[in-house]
Amino acid sequence: MKILAIETSCDETGIAIVEGQKTPEGLSFAVLKHALLSQAQLHAEYGGVYPNLAKREHQKNLPILFEQFKDEKPDAIAVTQGPGLEPALWTGIEFAKKLAAQSQVPLLPINHMEGHLISSLVKDGKIENVQFPVLGLLISGGHTEFVLMREWFKYEIIGETLDDAVGEAFDKVARMLGLPYPGGPHISKLAAQARAISGRSAVSNHPLADLQGGNSTSAAGISLPRPMLNTDNCDVSFSGLKTAALYALRDMGGIQTLSAEQIADFAREFEDAVGDIFTAKTLRALEKTEAKTFVIGGGVAANSYLREKLGAVVAKEFPEVEFKLPEHSITGDNAIMIGEAALARRLSGLEDESKEEIRAMGQLSISSAK
Ligand code: KG4
Ligand code: ZN
């Protein structure tokens, strides 16, 4: 089965055609073609994504990208329904509706977060022998949630951010440090440089070593809090960390007074704080859910430090849990993940084509997926 998928939830315009089939152990996928246009450069001027600008760009880019796909004959069209920026989502939905009507194939609405989660389970083009329950940590610019999947396509959010998404925190702190949007990769690069200089790797001797007491102090004396580290749930909070970063920077005399080394150290301390928070909450979530598979997904899942740190801590504390890391190419927003989620649903026999008009749903939760 071949699905043509469209993704326009935020600032990436993506189209992909993915073929999928059932295998004795699960599913296999082949990405036949994919195209992605990022608007990040454009939004960088404003330091964030502007919904109406995103909409205009998607409207401009979709027909251009589609030129490469116009001779394809898919069995269905899949499109991101939400969550995301509604004006942006609408452009993809309208485009997909027309395509589905023209080629008289079903139109499948897909949840963007389900796309992140399902595509993160794909390894070498296959999803095989998945052990349930699956715990997913979805970390992106708009979301931060622990999702429990006890059976295919049934999701329960067992913890989430009470305020900002972690990607947003990365982007805001990056902005304070004078780094361009999206700031996550820049913070990550600087933090790695700072660790290389101080000789500290991502993995400390004991996974909880630097969790003791909450704060850690770096060589340059920068110390940021780890909000909600010890609360007995799987929720997280990043707005306090962001504000603490702002005050810490002000107390140090402002960004213009800092040396390159101090800025890198600041980035490292921020990333350490994020790493400590997710380590503690992941261990709690694994304990609570007795999950057999742990997977991370979303844009922030590209972060090397988090990948390494979570990998090490899960291997040590829950050696029986299989830790699945998404391929780097799939972490950011793209249409391949939407195609894979749609194929996984269809090949599992779910009759999920829309019986009614598909509406863009900016706040659509993964827990409402049926
Ligand atoms: O999933 P995504 O591409 O878009 C949303 O659905 O939000 O996530 C984008 C977010 C941005 O906040 C970006 O800064 C962050 O992912 N990000 C990273 C890294 N690469 C992307 N954050 C930390 N480290 C990275 N290497
Ligand atoms: Zn995303």
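Strands S10 and S11 (residues 322-324) pair in the parallel sense over three bridges; strands count as paired if DSSP finds at least two bridges between them. Helices (H or I, at least four residues) and strands (E, at least two) are DSSP runs, numbered from the N terminus. In this pairing, Val295 stands opposite Lys324 in S11. Between the two strands the chain passes through helix H9 (residues 304-317), and this β-α-β crossover from S10 to S11 is right-handed. Right-handed means that, with the strands pointing away from the viewer, the path from the first strand over the helix to the second runs clockwise.

The model is predicted: local features need pLDDT of at least 70 and side-chain atom pairs count only at pLDDT 80 or more, while totals for chains, interfaces and linings use all residues. Residues are numbered from 1 along each chain as its sequence is written, chains are lettered from A and ligands numbered from 1 in the order in which they are written, and side-chain values use heavy atoms, with hydrogens and water left out.

S10 also pairs with strand S7 (residues 134-139), again in the parallel sense, over five bridges. Here Val134 stands opposite Thr293 in S10. S10 itself (residues 293-297) is mostly covered, with five of its five residues buried. Buried means under 20% relative accessible area, exposed over 50%, and partly exposed in between (1.4 Å probe, protein chains only). In a regular strand the side chains alternate between the two faces of the sheet. In S10, Thr293, Val295 and Gly297 point one way and Phe294 and Ile296 the other way.

Next comes ligand 1. Of the 19 residues around ligand 1, Gly141, Asp171, Gly299, Asn303 and Asp333 come nearest; a residue counts as near if one of its heavy atoms lies within 4 Å. The shell divides into five nonpolar, twelve polar and two charged residues. In this scheme Ala, Val, Leu, Ile, Met, Phe, Trp, Tyr, Cys and Pro count as nonpolar, Asp, Glu, Lys and Arg as charged, and the others, Gly among them, as polar. Helices H4 (112-120), H5 (166-176) and H6 (184-198) each supply at least two residues of the shell, and the largest share, three residues, comes from H5.

A backbone N or O atom of Gly141 lies 2.8 Å from an oxygen atom of ligand 1. For Gly184, a backbone N or O atom is 3.1 Å from an oxygen atom of the ligand. The protein covers 87% of the 550 Å² of accessible area that ligand 1 has on its own, by the Shrake-Rupley method with a 1.4 Å probe.

Elsewhere, Thr13 is found in strand S2 (residues 12-23). Thr13 counts as buried because its relative accessibility is 0%. The side chains of Thr13 and His58 are joined by a polar contact of 2.9 Å (a pair of N or O atoms within 3.5 Å; within protein, one must be able to donate a hydrogen and the other to accept it, and residues adjacent in sequence count only if both atoms are side-chain atoms).

Some backbone geometry remains. Most residues other than glycine have a negative phi, and most peptide bonds are trans. The peptide bond from Gly82 to Pro83 is cis, with omega near -5 degrees. A cis peptide bond also joins Tyr181 and Pro182, where omega is about -10 degrees. Asp124, not a glycine, has a positive phi of about 45 degrees.
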